[in-house]
Amino acid sequence: MTAINSYSGSSGAGIGAGCFATLSGNISITGGTVQASSVSSEGIGVGKQGTVSSTAVYKLVCDVVSNNKVIGTLTDLSTVVSGSTSTNTTVSHSYDSGSVTTGATCSDEGVMTYTCSACGSTYTGVIAKISHTAGEAVNESEVPATCTTDGSYDSVVYCSVCYEELSRETITVPATGHTYTLTGFTWSNNLSSATATFTCSDCGDVQTAEATVTSTNQLGVVTKTATVTYNGETYTSTKTTGTSLLTIGADYTAVYNAIAKADALNPDDYVDFSGVTEAIDAVQYGFNVLNQSVVNGYAEAIEEAIANLVEVDSTVIEVDEPVEAGDTDTDEDEPEPSPETGLTLALLPMAIAIAGVTAGKKQ
């Protein structure tokens, strides 16, 4: 038998539902009977020994334990443990599996309450925090990349419930590289060389490249073409000089000089002047330099016609004036007409005719 100095608490059904018993003095438990020097309770007189059932004894033992009072070893405690008498048996609570008092979250622990099925005493336990619910990653601390410098940003994941930061990863963004566009060609004064200029549209960096220059000539118009290949793309620029021969008039100076030479002549002084007139009338004006040979031909034709003119005086043959009949006034010293003189007079008309034909052929 083990003595307990005092106990105060609900005695259980053995004393009466809702009864409250106060045991004091020398309290002992023997064979399921609680004995005390003083028992105070409704229905039980002061100073009287109270007797309770084994259930009440178990209830008393549980309460003493729950109040952190050591009861030691129970001797001859009948029907308390498995309904049998046990010697040196320690009685303990019989707690349930517990119930959630405060649910756990991802930011706070929860509370689980366990209750003794025999005496109703309780104790609490900790419910571990639940896992976070990861949200979509967001970008923070962004540093833009430039043409020549890497950029970066932080990829951050927050809990969608409590918004606690779950992870943070720094991501590197590679440099973008330059984006060059052609801004123009610079030509040398004599158009023998050219330089292409390229400017980055993002940062303004400028690069140059020497071009290859080729030349073509079409009817006096010279076209210079500068070609350069940069970053896989081909660019060209052209310059033109000179005047098209199609727009340059032919030189009619020789024609004008030949016509002026013809105008200085008196047509009556020549047997036939029609060749010169026809050569002048055949001239056509407005030709360009590509037809210079045609224009030169006009001048040559006029000059040739002038050269072929036959003067009228060159066809006259001088003869002795015949003596009229009855003219007796003769000079004694004047010789008589010879037979040759008569022949010359006879051939004069024929000579004139031949001279005319020759002049016509030359024209």
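Is the crossing of α2 and α4 left-handed or right-handed? The crossing of these two helices is left-handed, meaning that the near helix is turned anticlockwise from the far one by less than a right angle.

## Basis

This is a predicted model, in which local features need pLDDT of at least 70 and side-chain atom pairs count only at pLDDT 80 or more, while totals for chains, interfaces and linings use all residues. Residues are numbered from 1 along each chain, and side-chain values use heavy atoms, without hydrogens and water.

## Helices α2 and α4

Helix α2 spans residues 253-263 and helix α4 residues 292-307; helices here are DSSP runs (H or I, at least four residues) numbered from the N terminus. Their axes lie 8 Å apart at an angle of about 20°, with axes fitted to C-alpha atoms over the stretch in contact and angles running from 0 to 180 degrees between N-to-C directions. The two are therefore roughly parallel (under 35 degrees).

In contact (heavy atoms within 4.5 Å) are A254, V255, A258, I259, K261 and A262 of α2 with V295, Y298, A299, I302, E303 and I306 of α4. By class, this contact has 10 nonpolar, no polar and two charged residues.

## Buried face of α2

V255, A258, I259 and A262 are the buried residues of α2 (under 20% relative accessible area, 1.4 Å probe, protein chains only). Down the helix axis they fall within an arc of 100°, so they line one face of α2. These buried residues pack against α3 (274-281) and α4.

## Helices α3 and α4

The axes of α3 and α4 are 8 Å apart, at an angle of about 175°. That makes α3 roughly antiparallel (over 145 degrees) to α4.

Key. Parallel < 35°, antiparallel > 145°, perpendicular 65-115°, else oblique. Nonpolar A, V, L, I, M, F, W, Y, C, P; charged D, E, K, R; others polar. Buried < 20%, exposed > 50% of the residue type's maximum accessible area, 1.4 Å probe, protein only. Arc of directions from axis to C-beta.
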